[in-house]
Amino acid sequence: MDKDPDTRAQFDVIVIGGALSGASTAFLLKRRNPALRILVVEKNTAFKRRVGEATTEVSGFFLTRMLGLTNYLVRTQIPKNGLRFWFSKDSHGDAADCSELGGRYLSTVPAFLLDRSELDEEVLRRAVAAGIELLRPAQVLDVRLEEGGMQEVRVQSGGETRILNSRWVVDASGVKAQLARANGWMHTNEAHPTLAAWSRWRNTGDWDGLDSEMGNDSSNQGFFGIRGTATNHFAGDGWWAWWIQLKNGDVSIGAVIDQRLVDWSEQEGKVGEKLRGFLSRHPAARVMMRDAEFVEGDVHFRRNLPYWSERHAGNGFVLVGDASAFIDPLYSPGMDWIAFTASAAVELIAKCQDGEGPAPLVEKHNRDFGISYQRMFGALYQDKYDYLGDIDLMRVAFRLDIVTYYLYIVRFLYKDGPQAILKPPFSPREAGPFFRFMRFYNRRLAAMGRSRRERGVFGQHNEGQSDLVGGFNFRLGQLFRTAFDGLWIWLKLELQEGWRTGTSTPRHSKQTGRFFSARAGNFDNCSGLPENGIARATR
Ligand SMILES: Cc1cc2nc3c(=O)[nH]c(=O)nc-3n(C[C@H](O)[C@H](O)[C@H](O)COP(=O)(O)OP(=O)(O)OC[C@H]3O[C@@H](n4cnc5c(N)ncnc54)[C@H](O)[C@@H]3O)c2cc1C
């Protein structure tokens, strides 16, 4: 910080947390309305290494087109080449026999593998250059909310505690979720009991090297990409792990586990050793991590990952990024959520400051993000761990999930520009059929996964397959062809074994979690959500 901001004065906006969600909200707001006085309060003197290192196409759009980071990203980070999944049948098997699912070509739409501490620092630096004020290191101790009035923010910095006043508070405090916790809006999504362990590793294997065991002559025929710069996933029964190459040579590797299906406590040692032991059950991970060492002091563990806040905004406050909700890191939606929540927060505050009545804007904001969270969960993540380790089932979801993402979200961003980001996924009325279709095939695949597990045939075809998808781009013919392939494979599965799932009880109907009512799994009846969220979710 160059000079201490004059904190005696009143601010228009105080942002709690200066990492990506806070810094980007402040930056965009300042560009939208240079007259606003915006203060960011950040606890840490420098950002530590943080998880969340792969962008998607939406967050790629946000970083490049909305934050203007293209040149910075191509100079300092790694362009990402899509997603790849590796499946194994036998934990004692040969890595070369693992099946591969992924794109055939390099990606055509911008996305990146990032060192988040560097990126977040850069965005905060640009926000300061744009004119926001920064108090760092300083911690927000608590906030007294006054809807429609001035907010009181108690801040500790340099051994001193002061009260700062502002018309708006943006909570960008990450998983600390300062406002949601303090005000009792926070809920654990008990329908999805996942945990994660992760670290950065050195001396890892080379996916694309001459001696690589992860691509042989036949699987390389017709493959025109680079494996090492994809987000690679090791897929198992009830779990998956990511492999993200970082520019400095380290690799971020972490596992996410559905605690209903996998018992993490069986692993021995400290978290890093547990993670290594756990991953060695996958032949591809075992080979790629043969000589790998985790970076001491950079090993992390978090239980019960998903949660949501029942309020996302009020007349005087708004929650962005992880401070408002988190679902699951598969498909890397964290920075997408930042893109949607930060953009919507800017819109809400800017319009209110311009004199528009806050009540309808706040109501719409809460409704949109409440619905979006519920529907993203149901369409993409609920019970996914019942089938993501089986290539027969996952190849259907891989095609349909990504095609719908491209057709329904990414294409509109590039076609209509940043305005399109103001519609959180699945929140518009016309998104209902998309959501119901996605929830339907996700449930069917989960039911087949459970039935396969019960019959002892889960993952029976996980060896020796190379399933390379034609590519994800904006050519409609290509997208429809990929979708058609996914539907065709699904139809064949239904004809072959779908009838076996008839009597199997859907896992979501066994939930007793707060996320679901007695008619659990029915998103039209979510308990604990704000009245508007429930009512409008039925549309
Ligand atoms: C296992 C796992 C894997 C993930 N993988 C991906 C991925 O591949 N891609 C992706 O997009 N996302 C991923 N995510 C999600 C991603 O990490 C988060 O969405 C993202 O980092 C959230 O950013 P944020 O700015 O909201 O919060 P944070 O990055 O947590 O930043 C919050 C900031 O607020 C500051 N702060 C907190 N409290 C206070 C206070 N009281 N006063 C002052 N400052 C405060 C903190 O110091 C911090 O700098 C993953 C998450 C997990 C758990």
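A residue counts as buried when its relative accessible area is under 20%, and as exposed when that area is over 50%. The model used throughout is predicted.

**Exercise 1.** Determine whether cysteine 98 and cysteine 352 are buried or exposed, and state how many disulfides the structure holds.

*Solution.* 
Step 1. Cysteine 98 has a relative accessibility of 7%, so this residue is buried.
Step 2. For cysteine 352 the relative accessible area is 12%, and therefore cysteine 352 is buried.
Step 3. The number of disulfides in the structure is zero.

**Exercise 2.** Characterise the largest pocket by volume, lining and residue class.

*Solution.* 
Step 1. The largest pocket contains about 1300 Å³ of space.
Step 2. Its lining comprises 47 residues, with Arg50, Gly174, Val175, Arg302 and Asp322 nearest the centre.
Step 3. Elements that give two or more residues to this lining include helix H1 (20–32), strand S16 (293–303) and H9.
Step 4. The lining divides into 23 nonpolar, 13 polar and eleven charged residues.

**Exercise 3.** Which element supplies the largest share of the lining of the second largest pocket?

*Solution.* 
Step 1. The second largest pocket has a volume of about 620 Å³ and a lining of 40 residues.
Step 2. Nearest its centre lie Glu57, Leu83, Ile402, Tyr405 and Tyr406.
Step 3. Among the elements that each supply at least two lining residues are helix H2 (57–66), strand S4 (83–87) and helix H11 (391–416).
Step 4. The largest share, eight residues, comes from H11.

**Exercise 4.** Describe the largest cavity and the elements that line it.

*Solution.* 
Step 1. The structure has three cavities of 30 Å³ or more, and the volume of the largest is about 80 Å³.
Step 2. Residues lining the largest cavity include Asp322, Phe326, Trp337 and Tyr373.
Step 3. Strand S20 (325–326), helix H9 (334–353) and helix H10 (358–381) are the elements that give two or more residues to this lining.
Step 4. By class, the lining consists of seven nonpolar, one polar and two charged residues.

Notes
Residues numbered from 1 in each chain as written. Predicted model: local features only at pLDDT ≥ 70, side-chain atom pairs only at ≥ 80, totals over all residues. Heavy atoms only, no water. 1 Å grid on protein atoms, 1.4 Å probe; cavity = no way out; pocket = protein on both sides within 12 Å on 5 of 7 lines; lining within 4 Å. Points joined across faces, edges and corners; volume = space filled by probe spheres on them. Helix = DSSP H or I, 4+ residues; strand = E, 2+ residues; numbered from the N terminus. Nonpolar A, V, L, I, M, F, W, Y, C, P; charged D, E, K, R; others polar. Disulfide = S-S within 2.5 Å. Buried < 20%, exposed > 50% of the residue type's maximum accessible area, 1.4 Å probe, protein only.
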